[in-house]
Each structure stands twice: as C-alpha cells, then as structure tokens.
Amino acid sequence: MNEQKPMLEYENVTKKYGDLTALKDFSLKLYPEDFLGLVGPNGAGKTTAIHLATGLAKLRTGRIKIKGNDVVNDYTKARRLVGLAPQEPNFDRFFSVLDCLVYQGGYFGLAPDKARQRALELLELFELTDKIDSKPPDLSGGQKRRLLLAKAVIHDPEIVILDEPTAGLDVELRHKLWDYLRRLKGRGKTILLTTHYIEEVEALANRVAILDEGSLLLEDSVENIMRRYGRYSCVFKVRGLKEKTARRVCQEYSFVNVENSSLRANGHRFDEEINDLLTTLMRENVTIKEMRVDETPLEEIFLNKIKGGGTDA
Amino acid sequence: MRDFITLTRRELRRFLSLPNQTIFPPVMTALLYILIFGYSLGGDIREINGFPYVVYILPGLIMMGVINSGYANSTTSLFIARYENFIQDLLVSPLSYLKIVSAYIIGATCRGLIVGLLTLLVGLIFVDLPVANPFVMIIFLALTAATFGSFGLLVGLWAERWDNIAVFLNYLITPLIFLGGVFYSIEQLPPTWRQISKFNPLFYMVDGYRYSMLNISDVSPWLSFLVILVLFLVTTGVAIHLFKIGWKLRN
C-alpha cells in the first residue's frame, strides 16, 4: 500500500463514444516519481485515458484528480501540473518553431523572457537549434516528435504524459528520447507513457498497466509482474552429481528435472528457487560447469494477458 | 494573466503578420466604393439628409469592413486551430474558457478597429468628412467588431468545412449589411420595409455609427447601442458556454 498521495488518480472512469465503450470502470493511481507504461492493443482505450486526464475528452462518469485537483472542477490548477505530448503532431502553423514553444510556455503562465530562455534550452537539448526559424510543418517526422516533447515540458510540469512518443522513429532516435525520458524521471517527474513497444516499457518504466477493450487487465510494478506472471527456464551442466543426490533433488524440488549430466529448472520465482537449489547442490559437492537462463519477456506476458491467458502464480 | 496576455498577443500577431489578407483588402474595397460613388455615380444621386451621397454612405462602408473583419478574424483563427488540431494547445492549458474567448474577441476587435480607422483615414483623404462624436465612434466600432468576433467564434466552432464559414458570410452577413442602410436611409423605404429593416441587427450598427460621424440617425443612438450590447453579451455568453461544455472541441 503506497502511503504517498497520488499525482494522478483515475477513479471508476467510464467513457463511451456512442455505442462504443472506450473505458470501463477504469481506476489507476500514479504516485510521485512513478514511470508507468500503459500498454494495450490498438483501440484499448489508452489515448482515451490520456485525453480524459488532460481535458481533450469529456469526462462524464467517474473522477480524475491531478495532485488532488479535480480535472473538471479545478481544471486550471490541474492542467498547470501536466505536460502532454499527444500522439499526433499538432503545431500552430502561423509561427516558427521557437515561437510555438514560447507561446506554449506563455499559455502555462511563463513570462516571455523565461519562456524564450527555456525554449532555447529545450531546442538545444533536442537538437533543433538549427530549426529555430522553420515552420513546424517543414520539420521531419523525428524533428516533429522532438518538438512535441519540448512543448510538453516547456513549463517544467510535475507530470508528463506521453502518448506513443516514439512511434515511427528510427532506433537511434528512439534511444536518444529514452535517454531524455530517463533524465526526466531522474529529476523526479511522474511520467505516464503509452506505447506499442513493450521493450520501451521494460527499459524505462517501473510500473506497467495493461489495458484491453477499455478494461484494466493488470497493473503492478514491472518486478512484481515478472515475478507473478513470468517464467524462467534454467539449465545447469554439472559434474559430480550422484544418482542418489539427483533423485533427492528431484523429490525436494518439484520444478527440477535431471537429464544426463544436466539439471533443468522451470519455475516462476527465480531468485528464491534457484538460490535454494544452488545451496543444496553446493552442499552435495556438485560442481556447476555451465548455467543458462531464459526468462519470459514482458511482451509474452502482455500477449498472454490480452488473449485472456497467462498463469498467475 | 500571462496566459491570457500570451493568447491575446498571439491573436494580434497572427493577423498583423498577414496584412494583405487581413487589413488592406477591406480598405481597398471601401476606397473603390468611394471612388465610384464619389466621382463616378455620386453626382447622379441626390443628397441624403443634407449630406453628399458619398459622405452619407461612408460610415456604412466603414462598418461593412469592420463587421467582415471582426467575423473573419475569429472564425478563421478558431477554425484553422480546430482543423489542424492545434486548438489542443489551448485545451490542455490552464487558460480558463473566459480568457480564451476574450482573447479571440480582443483579436477580432483590434482587427476591426484597425480596418475601420484606416478606412476612415482613406475616406478623409478623398471626402470632406465630419466626425461629430469621436468617442462614440470608437465605442460603436469596437462593440460591433467585438460582437462579430464573438459571432465568428460560434461559426468557427460549428463549421466543419471552409464552405460552412462562407455560407454565413455570403448568405447572411453580406445581405444584412447591404439591407442595413449602408446605401440608403430607411426613411426612404415604404413603411412595411422600414419596419422589417428594424429587425435587422446590422441596421443598428450602421445607424449608430453614422450618428457618431454625421450626427444623424434613423433611430435613437442609445437604442442602437443597446441592441449591439445585447447581441454582444448573448453571443459572448453562448461562446463561453460552448467552450465550457467542449462543443465540437472535445469528444
């Protein structure tokens, strides 16, 4: 149970578009410094969840609070705390890249000088300094993504919400943006990220929520999810394993099989189970020549969950 | 207030950076009317209420530019922001709906005022034009531009295509301007048409403004002021409400 007050809190939120229910009784909390990866297939409700929190969709059922501020009744206070990088690039076509950032800062209350200084810093950080006078429609896809991110953080918000920020980017640029997001997290920001790249969540997030057809299927820390739903397969090539010892190990550890001079362990809780097994083997003077471990990737857990499968240990 | 000042500055800068689209065309149109009615056809038309015809119609021509500019400014600005989705910049920001609507209206009002005053300046070059009540003139110019700025917001919210915006301009505003006494006094009309003209809100704008310049009017300038004020308050109130409920802005 987290004792901290949530930074972002969804409480029984349901959202319908005509006959389509985009979110069903959705509840979720993000605490200070959380980096939560919200994943799910297309149409799962990820963007709807983001739009409801940021004022881009009408909230009719349920409540959403940002640092205690209701997003409907206290919207001016709530929105000041959030920076959003939406999925689709949308820039004020009348103005330059620099002006877009300066105006965005102004909308969040930054003084013109401060907004300009901050915009210049961000343009340098995102390697857009040479595009300062360009119009946003003239930027490449990657440059637009970086500008979106700069817009989202121009006012140094406490919560940063990123809707598929790396969609369509090449690997190099994606990794550069990951580095920036890690730095943001390092500065104590609370981050909500939606993505289709599960490896992005594994690389960046400390918590994961899986959404499918508007329902939250699973939400926990990455560590707990791997522990609960992940499986490992560990193969030891050993020397000095007597038949009597092998039988006893198999009896004592139901998750272990012996094949010739190899031991194969298949389980859920790698740390506890393998530590215990290794202690026993060492006590029996069994020498381990080689060890290979395969773990279920988070992506497989995600796929199992959205197919309605997966094993809960 | 910085958020509000930023949006207002953005609105002003948008139209000031495009003067050939936003400022000069209505001034040019008014100039052509002045030349045609002042030097070409004007001699064939008798005076109205003791003023040469070109002098009589000039306040209406100025008001025509102000109305079109006020309407076009907020309609275009809001519609493009919606169409290209950068309206999201405002929707996710802490700007209150009152501030958003006010900034758009100030932009429209300033554009209307600039167009109105420039047209007046051009008119003064060619015509011996009195300005009887300068303060009243500014009030009528500003309030009319603000009202159409506000009305433009409603159309900017409602429109799905550019065509929708043109429909209001071509089939409602322009006919109402021309039938609102720009080129004649309603006293010259048969009684039935005179009464019908009084249901045209644009008549009060033209008549009130004409009073501020020529000191003549078909109805009381106070009535004209009141009609425009009520229109402004109603359209602005509706615009704020529509922003608040997110009509055509939020799903």
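I took a salt bridge to be a side-chain nitrogen of Lys or Arg within 4 Å of a carboxyl oxygen of Asp or Glu. With that rule I counted four salt bridges between chain A and chain B. The model is a predicted one.

I looked up one of the bridges, the pair A:Asp99 and B:Arg13, whose closest N and O atoms lie 2.7 Å apart.

Next I asked which elements of chain A supply at least two residues each to the side that touches chain B. They are β1 (8-17), α2 (75-80) and α3 (97-107). I noted that α3(A) gives the most, with five residues. Sorted by class, this side of chain A holds 15 nonpolar, seven polar and eight charged residues.

I then turned to the extent of the contact. It draws 30 residues from chain A and 27 residues from chain B. The two chains bury about 2900 Å² between them, with 56% of that on carbon and sulfur atoms. On the chain A side, I found that A:Leu56, A:Phe94 and A:Tyr107 supply 25% of the area buried against chain B, more than any other three residues.

Last, I looked at chain A as a whole. I listed 11 helices and 14 strands. Its C-alpha atoms fill a box of roughly 80 × 45 × 35 Å along the principal axes. Of the 313 residues in chain A, 52% are buried. Chain A exposes about 14900 Å², and carbon and sulfur atoms supply 44% of this. Among contacts in chain A between residues at least 6 apart in sequence, I noted that 70% join residues at least 24 apart.

Technical notes: Residues are numbered from 1 along each chain as its sequence is written. Chains are lettered from A and ligands numbered from 1 in the order in which they are written. Side-chain values use heavy atoms; hydrogens and water are left out. Contact means heavy atoms within 4.5 Å. Buried area is the accessible area (1.4 Å probe) that two parts lose on being put together, summed over both. Helices (H or I, at least four residues) and strands (E, at least two) are DSSP runs, numbered from the N terminus. Ala, Val, Leu, Ile, Met, Phe, Trp, Tyr, Cys and Pro count as nonpolar, Asp, Glu, Lys and Arg as charged, and the others, Gly among them, as polar. Buried means under 20% relative accessible area, exposed over 50%, partly exposed in between (1.4 Å probe, protein chains only). Accessible areas come from the Shrake-Rupley method with a 1.4 Å probe; for residues, only the protein chains shown count as cover.
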